[in-house]
Each structure stands twice: as C-alpha cells, then as structure tokens.
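Okay, thanks for coming, everyone.

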Amino acid sequence: MREDSVQEAQSKKPSAEDVEVPRLGFVGMLRWSWRQLTSMRTALFLLLLLAVGAVPGSLFPQRASKPAEVTKYLADNPVSGPILDWFKLFDVYSSPWFAAIYLLLFASLIGCVIPRAKIHYKAIRSAPPRTPRRLSRLAEYGTVQIPAGRGVDAATAVQDAAAVLKSRGYRVDVRDLDTDRPSVGAEIGFLKEVGNLLFHTAMIGVLAAIAFSGLFGYSGQRVLVEGDTFVNTLVGYDTFKPGAYFKDGRLAPYSVQLDKLEVKYDRESKAHYGQPLDFTATLTTKDGPGADARKQILKVNDPVALGGTNLYLVGNGYAPVITVKDGQGKVAFQGPVIAVPTDGAYTSLMVLKVPDARPRQLGFVGFFLPTALVDEKGVAYGSDPDPFNPQLNLNAFTGDLGLDNGIPRNVYTLDTSKLKQINGRDLKAGGIVLAPGNTYQLPDGNGSISFDGIKRFAALDVRHDPGQVYVLIFSVLALAGLIGSLFLNRRRVWIRTGNHPDGRTMVEYGLLARGEDHRLAGESAAIDKALHAKWVVPTEPTVHDGNRAASNDLDAPNSDAGSGATMASKDQ
C-alpha cells in the first residue's frame, strides 16, 4: 500500500518540461542588468579592464602629446598603422571604448558604494548580535574564576568586563542583567568597512576629478628654439587640445622665452658614454603683458607652474640656422629649422620648405649630424650627440610645394611626388653637404643655401589640469581607505558571567572574527590578561581548540536547564 502511494506521488511530480519559468520582462531585464553592473565582481573587473586598456597609451605614441611620432609611425607602418589607428590606439584616452569602460566603472562603483554604505550604517547603529548559547564553540575561548569573598557577583563582573572591553575600543552592550547569567556583547573593527567604503568612494572621486579636468582643462604643445618666445594664446600653440567646455578667456596671458637649453652627457662611463644625464632649460617668464620678467629653470619631471598651467619639458633637439636665397638673389628664408632626432646620437631628420623662393619654390629634405663621421663607403653617420663636428646633408627639390591651395600640410614631411629633384647622391650635381659657415650654390640658377649656425630647441607640453589637486586628495584618501581595509579586523567578543554555588563567580568569553584574522589569538590573550588584572586573579593555563578549558564552562549540561538553574562546573 505504501509503495503504491510513493509511486503515485512520483507520477504526479512535475517534470522539467512541465515547469513554466516566469518571463523576465523588459523591466526585469533592466533590474538584472543593473544588479550585475553594480556587483563588486563587475567593479573589480572593470577596474582591471581600465588598467589594461591604458597599456596601449604607453606602448604607442599618442596624438595629444606626440603628433609627429604618430605621423612617422603611420608612414613607417603602412599596413598595421591604419589598423591601429582605426582602433584608436593613438588616441587611447579619448577613444570611445576607453570612455565606455570609464563610465561603466563610474556607474558600477556608485551602485556598489551606496547600498553597502546603507547596510554598514544600520550595522553601526544596531546592537551587537545576541550572546551565543555555547561560547566554547567559538574560534577563541577562555574562562576566568573569581574566588569567593571578593565581593564580585555576576552582575558586577559583567559590568567590569564591559568596562575592560570598552577601554580596548569595543562597542559594548550589556544584557540579561535581570537573570542569573548576564552577558555583554561587543564589536570592534567597523573602520575596516569604513576604509573599504572610503576606498571605493575615493575611486569615484578620482574618476570624477579626471572627468572634470577633461571637461574644463586643456593641453597644448609648442616647440621653442633658443631665443624664441611663446605667448599663451591659441595661435601660439603648434597643437592644441581643448576640453569640452573650454573657453578662450581661460587662457592666462603669460609669455615664456627660452633663453638656453643645456644638455649634460655622460663622459666618464664607458658603458653609457654619450648618454644624456640632465636637461636644463633656462626660461624668462612674464605673468602678463605688464608683469616683471622672472628667470625660471625647467627640467624633466620638474615642471614650471605659470598662469594656472604646468609647463613640461618633453623633448629636445637641434635647430640648424639656415639662410636660403632664391634665383633672384633675394633672401627667401632665414632662421632655425627644427631637426627631429631619431637616435641616441641625435641623427636628426630635417625638412625645409621655401614657398617664397622665385622663380621656383624650393624644398629640402635630409638629415643633421651633430658629430659626423664617414664610413668606408663614403656615407656620413652620427657618432655623438654633442656638436663636435656638425654637418648638414640635404637633397634639394623645385616645383609647386602645394602650400597655396589652403590644404594643411605637415611641416615635418615633404611630398616629392610632383617635385623635381636637383640635388642628391645619385644625381650629377651630388648631395648638399654643409658645415657651419658654408654656403652651397644650387644648380640651374635656383639660388643658394647657407648653414649659419646651431641652436637647440625644447618641446614643451602645456597643461591646464583643474582637477589635479582633487585627484591627489582622493588618491590619498583611497590609499588610507585601502590600508584600513587591509590591516583592520572586524571582531566580536561575548562574555558571560554566573554565580557558582560555592561563592565563586564564573566568567567565560569567546571571540569570533568577521573574515580571516591571524591576530585573533593575540587579542584573546590580551583580553584574558586584562580580565585577570581587573579582578586580581592569577592567570591559569587555558587549553584551546578541541580540548577547551572545560573546568569553568558555563555551558555545562546542568546550566542549560533554564534561567533559574544554578550553574555547576564540569570538574565537579
């Protein structure tokens, strides 16, 4: 009969096909997506993803700071370059995918912090959990016996124990004073979760400060040759990247003149001979048109603060001073030309465009060698970054440079596809090789070019970062919160007292950690010592783990009978 009932019940049990799963719906899907986004696991994953996403910004040159290197990279890598550019790897920090990670992390952190802050606030205001029935089952356990005749009953002992715990920083709650087994519950370590919340809140602050800088800040680059002056206006920048809410009126009207750039090279070490040791730029700055001039020193990683901006030294090189006369004998160009260094010996590429030359425009492409040597094939190469034997090696072109049609051109490249070459190693006229003070007559009556001298240039990065101070503040707070969450521990302590029939007062205590706590045993020993000192009781050896100190266990079988029962010890 019973078997028939079981079979009938199993036959009526719904199968997996019979169970109808409720539809999630659009609102349910949004709620589920929000819960997934605001989980701590997702926040940590997005934080890791943001760090990984920032790696290409260090591996590849960025247009915001090094546009010339990006152009050169694209020219040297015609296949992979456009692919990397399509993925915005040359504009990592302004790319859509990086912004998506950034915003998702921002939302995830906010969604994590607010609910956890509410829960922690309630935990702080609530009393410690009720005293467990069997303290001997906790991670740390101990007992104290107060001899008879000390005048310390169970109620007095529990008040004394609460005072001891309070003196150690615990939040205490005395309970059951009207019973024969009063107890005290205590908690400590709420700052651990506060530190955790502080860390995540500070991370939100860091992200918000960076976003604030991106909206209201700006950055720009300018190459200054010794003797040149930069004025902080839009037309004064070589490249300029404003924030979304940037306004021209926020540019402070200061000026900067590069007086001298000094570079110190290693001349003592054989292994690092010729390596740069120090870069020092001497500047003359003015806060405004009528302000007094000041001398300031600019070094690598030691920016100059001026007009709410920071000026960084991010590059340097040589600028040969050149004079070009056209076929009519008029000076068509005169001044320094930026030569872009390509190696440690400062072998520098140089492009010079002379659109004012007549009767035909002139263009020059070549390289500058600070210390030129010639190999067995007669090819010059650079051997040292200092200008011990400077030399210009150029090829000359004539024709339309394409500068009169209004299309922007890169000053560091020359399109020779529609130009006629008049000088070069493979031509009859040969290449142009000049030392300082030399002049070369161009063939076919196209004029001359002179190498007048050498100046240095400094590449400056100008940044206005209004959120920089806030990033520092929130970063320090995040570090403080992280330290607190790592080194503070959340602990709970319960102490129960009772009166023994022979007049002794029996005390037992137990400790429990919220999470892993390697210092819990040490805290237990400290509390045991403090309790013994409070009642001037000699310390007794205590056996932990499976063999608890059973002699004073208030959880003896006859003590669990009821609140009115008299406690007896297990050793009787």
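Let's start with N301, which sits in the loop between strand 9 and strand 10 (304-306). When I say helix or strand, I mean DSSP runs numbered from the N terminus: H or I over at least four residues for helices, E over at least two for strands. The phi of N301 is near 60 degrees, a positive value in a residue that isn't glycine. N301 counts as exposed, at 75% relative accessibility. For burial, the cut-offs are under 20% relative accessible area for buried, over 50% for exposed, and partly exposed in between, with a 1.4 Å probe and protein chains only.

A quick word on what you're looking at. This is a predicted model, so local features need pLDDT of at least 70 and side-chain atom pairs count only at pLDDT 80 or more, while totals for chains, interfaces and linings use all residues. Residues are numbered from 1 along each chain as its sequence is written, and side-chain values use heavy atoms, with hydrogens and water left out.

You'll find V536 in the segment after helix 11 (520-534), and it is exposed, with a relative accessible area of 61%. Then there's a cis peptide bond, from R358 to P359, with omega near 5 degrees. P359 is in the loop between strand 14 (348-354) and strand 15 (362-369).

Now, strand 9 again. Which sheet order does it belong to? Four strands make an open sheet in the order 5-7-8-9, with antiparallel pairing. Strands count as paired if DSSP finds at least two bridges between them. Strand 5 (229-231) and strand 9 (294-299) are the edges, each pairing on one side only. Strand 5 is joined to strand 7 (residues 255-265) by 3 bridges, running antiparallel, and T229 has Q257 as its bridge partner in strand 7.

Of the 17 residues in strand 22 (residues 448-464), 12 are buried, so the rest of the structure largely encloses it. Look at what pairs with it. Strand 11 (residues 309-325) runs antiparallel to strand 22 over 15 bridges, and A319 is partnered there with K455. Strand 4 (residues 218-225) is joined to strand 22 by 8 bridges, again antiparallel, with L224 opposite A458. Strand 21 (residues 439-441) and strand 22 share 3 antiparallel bridges, and T439 stands opposite S450. Those last two strands make a hairpin with 6 residues between them, where D444 takes a positive phi near 60 degrees.

What about the inside? The largest nonpolar core has 48 residues, and Y254, F364, I432 and I449 touch the most other members. Core here means buried Ala, Val, Leu, Ile, Met, Phe, Trp, Tyr and Cys residues joined through side-chain atoms within 4.5 Å. Take I449: beyond its neighbours within four places in sequence, its contacts (heavy atoms within 4.5 Å) include I322, V324, F364, I432 and Y440. There's also a second, separate core of 23 residues, V144, V184, L511 and W535 among them.

Helix 3 (residues 40-53) has 14 residues and spans 20 Å from first C-alpha to last, close to the 20 Å expected at 1.5 Å a residue; the expected span is 1.5 Å times one less than the number of residues. Its buried residues are A43, L46, L50 and G53. They fall within an arc of 90 degrees seen down the axis of helix 3, so they line one face; that arc is taken from the directions between the helix axis and the C-beta atoms. Remember that an α-helix has 3.6 residues a turn, so residues three or four places apart point the same way. The buried residues of helix 3 pack against helix 2 (25-37), helix 4 (56-59), helix 7 (96-125) and helix 9. Turned away from that side are the exposed R41, L44, F45 and L48.

And helix 10 (residues 468-487)? Its buried residues are A478, G481, G484 and S485. They cover an arc of only 125 degrees around the axis, which puts them on the same side of helix 10. Helix 9 (190-216) is part of what covers them. On the other side of helix 10, V469, L472, L479, L486 and F487 are exposed.
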